[in-house]
Amino acid sequence: MTVASERPGVAPAPSVAAEKQTKVITGNGAAAWAAMLCRPDVVAAYPITPQSEVIEQLAKFHADGVLDCEYVTVEGENSAQNVVCAATMAGGRAYTATSSYGLVYMYDAMFNTAGYRAPVVMINVNREPPGIHAVCSGQQDMISVRDTGWVQLICENCQEILDTTIMAFRLAEDYDIQLPVMVNYDGYYLSFLAESVEIPAISEVDDYLEVLKSQPPRPQLLPGSNLGCGSHGIGMGYVELRKKHMAAMERVKTKLEEIDGGFEAAFGRSYGGQIEEYRTEDADIVLVTSGSAVGTAREVIDAKRDEGIKVGLVKLRLYRPWPRERLSAALKGKKAIGVLDRSICFGWDCGPFYMETRALTPEIGIVPMLSFIDGLANMDITKEHIAGMIDDIQAASEGRPYQQVTWLP
Amino acid sequence: MVERDSQAPRAAASTNEAPKGHAAMGGGQAPAGHAPDSRAAQTEGIFQTEACWSISSGDLLCLHTGDWRTERPIFVKEKCNACGFCYIYCPIQCIVDDEDGIHYAVDMDYCKGCGVCAKECPKDAIVMTAEGDYADDCRI
């Protein structure tokens, strides 16, 4: 294994990635391409629907000699997470991908990775978790690992999957951050959606990530050295580490904005950092949502604008840390707010993003807030559904009675 | 029992500033030897990095992981034939050479009192004894 920081100069570019190109690839393909372009030292993953294509593609890259890495074929996701965690502790760059059952099977190991501040990048292709056997899209899996201490990002389309994965390495390994980053995208809707994706040349990605090499080196677990990680943190040691972890999590918000800006300078594309606001500036009402539903929502919002309804959209890109400052600024002064969730929050009888948006009430002010739960288990979030939501939010903004939580369809 | 002089680590942890550098990575200020000092001395400055990195010779061995033991192994030298099974089986490797250079002894700082050594001893030369019997000469 070649450790990133020890590479003699830049490794030669594999011919398939030597030039910038535009290809029609799936969301899973985009995730695999992005990982390959970032030259991970170690890839360890276990196949699971709808993620399998990601690691199949990476295995092919590896077999074809395109990806020079240690490809560890593990017997399950728990091992996968432990392998990539250890690989980053040894100073390497590591990547894994999972979904649903796989994600919850690595639950304990995810705490390790975050607690060790191991900068792993992981793809999570959103799928409903165990209990009701749904081989279907849904964000409940990512919600269920909310408090593991990972940074969580959400993507809207295949291009964003590729770009966000590259940014995820830049973010995770940043000296000020040193946290694992999970890149989420909707299973089925994005994992198998093929669309045109601009793929940068590997040399451009090398340049973009070059800055990571000029940072102070991370400590490394190497054979023969008497260095340990995660062995003990009793009492105040634990408190100290938790406080540092929390502080790093807060720094992610501004760092992501910087990284997004740097990405635009390098590749000409940007995503607004923590959130993207769409037609919110003069909006009276706002719909907050994330992932593949955003594209549909954008279209409906354009149509509603044509009807004279002043509605805007906030696309949530960052789930952990919660982008509360940017969200508060975007939502402050609006007359009513709707939040569309593709998962549920047990115990609060609403959607999780809704619950967290509602927690911003002291900053936003008391206005009608509506929770919409839609798109569970591959139920389509249709234009008609979103039009109905906007009608409900509009009615609430005019002072008419409204239902706080609405399950669709 | 334990003095909680926690001002220093608390002050260090209360900043949201970015990490300063890895130059002083663990170990530097860790207490030397095994003196059972206050808890502050045991934890202060252990984690001078962002993560829980520590130098095993400096930091980790200061933590007396055996101090919650409820039973301790007592070696009966008369029965012992120095076969070394206890040394091999000890899961935390705290069996050490005895001062006589023939038999074995236990490093009580790390022995958790699991009793594996006593179970495996073919000569029944190790007896697990309630820790309470030694309360008066407890080192901590």
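**Sheets, cores and domains of chains A and B**

In chain A, strand E2, helix H2 (residues 52-63) and strand E3 form a right-handed β-α-β unit. Right-handed here means that, with the strands pointing away from the viewer, the path from the first strand over the helix to the second runs clockwise. Helices (H or I, at least four residues) and strands (E, at least two) are DSSP runs, numbered from the N terminus. The model is predicted; local features need pLDDT of at least 70, side-chain atom pairs count only at pLDDT 80 or more, and totals for chains, interfaces and linings use all residues. Residues are numbered from 1 along each chain as its sequence is written, while chains are lettered from A and ligands numbered from 1 in the order in which they are written.

E2(A) (residues 42-45) and E3(A) (residues 70-73) are parallel and share four bridges. Strands count as paired if DSSP finds at least two bridges between them. Within this pair, A:Val43 faces A:Tyr71.

Chain A is split into domain 1 (11-267) and domain 2 (275-407). The bounds come from an automatic or database domain assignment. Taken over C-alpha atoms, the domain centres are 28 Å apart. Domain 1 of chain A contributes 27 residues to the contact and domain 2 of chain A contributes 19 residues. Contact requires C-beta atoms, placed from the backbone, within 7 Å. On the domain 1 side, helix H6 (140-144), strand E6 (151-154), strand E7 (181-186) and helix H9 (236-267) of chain A each supply at least two residues. H9(A) gives the most, with five residues.

An open six-stranded sheet of chain A has the order E10-E12-E11-E14-E15-E16 and mixed pairing. Strands E10 (275-278) and E16 (405-407) of chain A are at the edges; each has a single partner strand, so one side of each lacks a neighbour in the sheet. From one strand to the next, the twist averages 20°. Angles run from 0 to 180 degrees between N-to-C directions, with axes fitted to C-alpha atoms, for helices over the stretch in contact. Helix H10 (residues 293-306) of chain A packs on the sheet and touches E10, E11 (285-290), E12 (311-316) and E14 of chain A. The direction of H10(A) makes about 170° with that of E12(A). Helix H11 (residues 324-331) of chain A lies across E10, E11, E12 and E14 of chain A, at about 10° to E10(A).

E14(A) (residues 336-341) runs parallel to E15(A) (residues 369-373), joined by five bridges. E11(A) also pairs with E14(A) in the parallel sense, over four bridges. A:Val339 stands opposite A:Ser371 in E15(A) and is the bridge partner of A:Val288. Six of the six residues of E14(A) are buried, so this strand is largely enclosed by the rest of the structure. Buried means 20 or more other C-beta atoms within 10 Å of the residue's own, with C-beta atoms placed from the backbone; 12 or fewer is exposed, and in between is partly exposed. A:Ala336, A:Gly338 and A:Leu340 point one way, and A:Ile337, A:Val339 and A:Asp341 the other.

The largest nonpolar core has 127 residues. Such a core is a set of buried Ala, Val, Leu, Ile, Met, Phe, Trp, Tyr and Cys residues joined through C-beta atoms within 7 Å. Helix H7 (residues 158-172) of chain A provides its largest share, nine residues. Another core, of 12 residues, lies apart and includes B:Phe75 and B:Tyr104.

Chain B has four helices and five strands. Of its 140 residues, 24% are buried.

Technical notes. Two residues are in contact if their C-beta atoms, placed from the backbone, lie within 7 Å.
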